[in-house]
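Subject: Structure handover

Hello,

Here is the structure I promised to pass on. My notes on it follow below.

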Amino acid sequence: MTNPRKRGRAEEPAPAQARKVPGAELLSAAQAAVGAAQTAAGQAIDAAQQTAGYAFDAAVRLPPASAQLAAQLPDLVENLSIAVDRLNSTIDRLDRTLALADPVFATYDRLLPRLEAMISLGEDVFGAVAKLPGVGLLGRITGRGGEEPAPEPESDKRGRRRR
């Protein structure tokens, strides 16, 4: 028979030294993460130093251009002010001119339909007189006849397409 005490002892876990320590994997992962973080931090510091160097170079070169622009700014503002004044005076002059021309435009608006009607009537009269018999002969005799109409091209029966 078996002793119950021995069976109970057999179920007890082995001492901690014989087992794997679960914290060791965690410790090695943490050390790897620290190494990666240090590498990333070093790269970030290098990039920041390089950027700071570029910014310093730009800051050293920028002030002369900024000083030149600042020196030209009063002249630029003065020229802009003069241009705006000239534009305002030109607009005022144009307004006065259009105010004076307004009655003329109104008169044109009233006259144009009448002129168009007179031109249409003249063309109708000319067409009616041109149709009278003997007007063409009278025009040729007096030398006042217009250009003779060009003869119409004869249609060639051979050139027509067959369907």
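In which helix of the protein is confidence lowest, and in which is it highest? Confidence is lowest in helix H1 (residues 4–11), with a mean of 50, and highest in H2, with a mean of 85. The score is pLDDT, the predictor's confidence in each residue, from 0 to 100. Across the protein pLDDT averages 77, and 68% of the residues score at least 70. Where pLDDT is low, the predicted coordinates should not be read in detail.

This is a predicted model; local features need pLDDT of at least 70, side-chain atom pairs count only at pLDDT 80 or more, and totals for chains, interfaces and linings use all residues. Residues are numbered from 1 along each chain as its sequence is written, and side-chain values use heavy atoms, without hydrogens and water.

The protein has three helices and zero strands (DSSP runs numbered from the N terminus: helices are H or I, at least four residues; strands are E, at least two). Of its 163 residues, 1% count as buried (under 20% relative accessible area, 1.4 Å probe, protein chains only).

Leu-111 is found in H2, which spans residues 22–130.

Regards

Note on methods:
Buried means under 20% relative accessible area, exposed over 50%, partly exposed in between (1.4 Å probe, protein chains only).
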